[in-house]
Amino acid sequence: MEFSSKLLEKAVNEVAQLPGIGKRTALRLVLHLLKQPMEQTQFLSNALTTMREEIKFCKSCHNISDVEVCEICNNGARNHQIICVVEDVRDVMAIENTNQFKGIYHVLGGKISPIDGVGPSQLNINSLIEKAKLGNIEELIFALSSTMEGDTTNFYIFKHIKDLPIKTSTIARGIAVGDELEYADEVTLGRSILNRIPFENSVNKMH
């Protein structure tokens, strides 16, 4: 792709690094910005810079937040004895959109994947296990995507807490194997949470 301007080329190359955006889409977006008033581009750049500099991760559940402890963890109306374990913040958003879950969350920040060099120590797993050992948790709901990596992560956590008096469950397989939660429709996802099954049952099916 030939550019008449080095400034344009640099902007396009930066935008093209975003996931799911190729060079042609990046060019279309950059040219769109050029057509907008200067203030519009400044609003966008300021919003991105402010987000990057000021955004926090909840010290309790690791969800993205504007404050030290996120609104969900700070909500006294939520059931703090039921924790839904998810891969990332997009899953929290997807489940919250169902309006079916009234507990709190724990965001792992990924899933165990040796082939990608991701081990348990690189995820927010130890803080979850320590939280479980405090004895204030009634149930852990595993809501990771039903892939080999997701199942491996679930089982790793389960092994470390199976001797604790905590109920463990997993979302019902209304979500197809390999599907990501964020792409599930709200009704299906909501039902899969409400109709969750004991985690031991899913372990038995795997073996």
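Okay, hi everyone. Keep in mind that this is a predicted model.

Let's start with the largest pocket. Its volume comes out at about 590 Å³. There are 19 residues in the lining, and the ones nearest the centre are Val15, Val30, Leu33, Thr41 and Leu44. Which helices does the lining draw on? At least two residues each come from α1 (6-15), α2 (23-35) and α3 (38-54).

Now the second largest pocket, with a volume of about 200 Å³. Here β2 (64-65), α4 (71-74) and α5 (89-96) each put in at least two lining residues, and the largest share, 3 residues, belongs to α5. If you want to click on some of them, the lining includes Asn63, Asp66, Cys70, Val92 and Met93.

As a reminder, most residues other than glycine have a negative phi. So where are the exceptions I wanted to show you? One is histidine 62, in the loop between β1 (56-57) and β2. Histidine 62 isn't a glycine, yet its phi is positive, about 75 degrees. Buried or exposed, this histidine 62? Its relative accessibility is 19%, and the cut-off for buried is under 20%, so it counts as buried.

Asparagine 99 also has a positive phi, near 60 degrees. You'll find asparagine 99 in the loop between α5 and β4 (103-107). Asparagine 99 has a relative accessible area of 55%, so this one is exposed.

That's it from me, thanks.

Methods: Residues are numbered from 1 along each chain as its sequence is written. This is a predicted model: local features need pLDDT of at least 70, side-chain atom pairs count only at pLDDT 80 or more; totals for chains, interfaces and linings use all residues. Side-chain values use heavy atoms; hydrogens and water are left out. On a 1 Å grid over the protein atoms alone, a cavity is a set of points where a 1.4 Å probe fits but cannot get out, and a pocket is an open set with protein on both sides within 12 Å along at least five of seven lines; lining residues have an atom within 4 Å of a point. Grid points are joined across faces, edges and corners, and a volume is the space filled by probe spheres set on the points. Helices (H or I, at least four residues) and strands (E, at least two) are DSSP runs, numbered from the N terminus. Buried means under 20% relative accessible area, exposed over 50%, partly exposed in between (1.4 Å probe, protein chains only).
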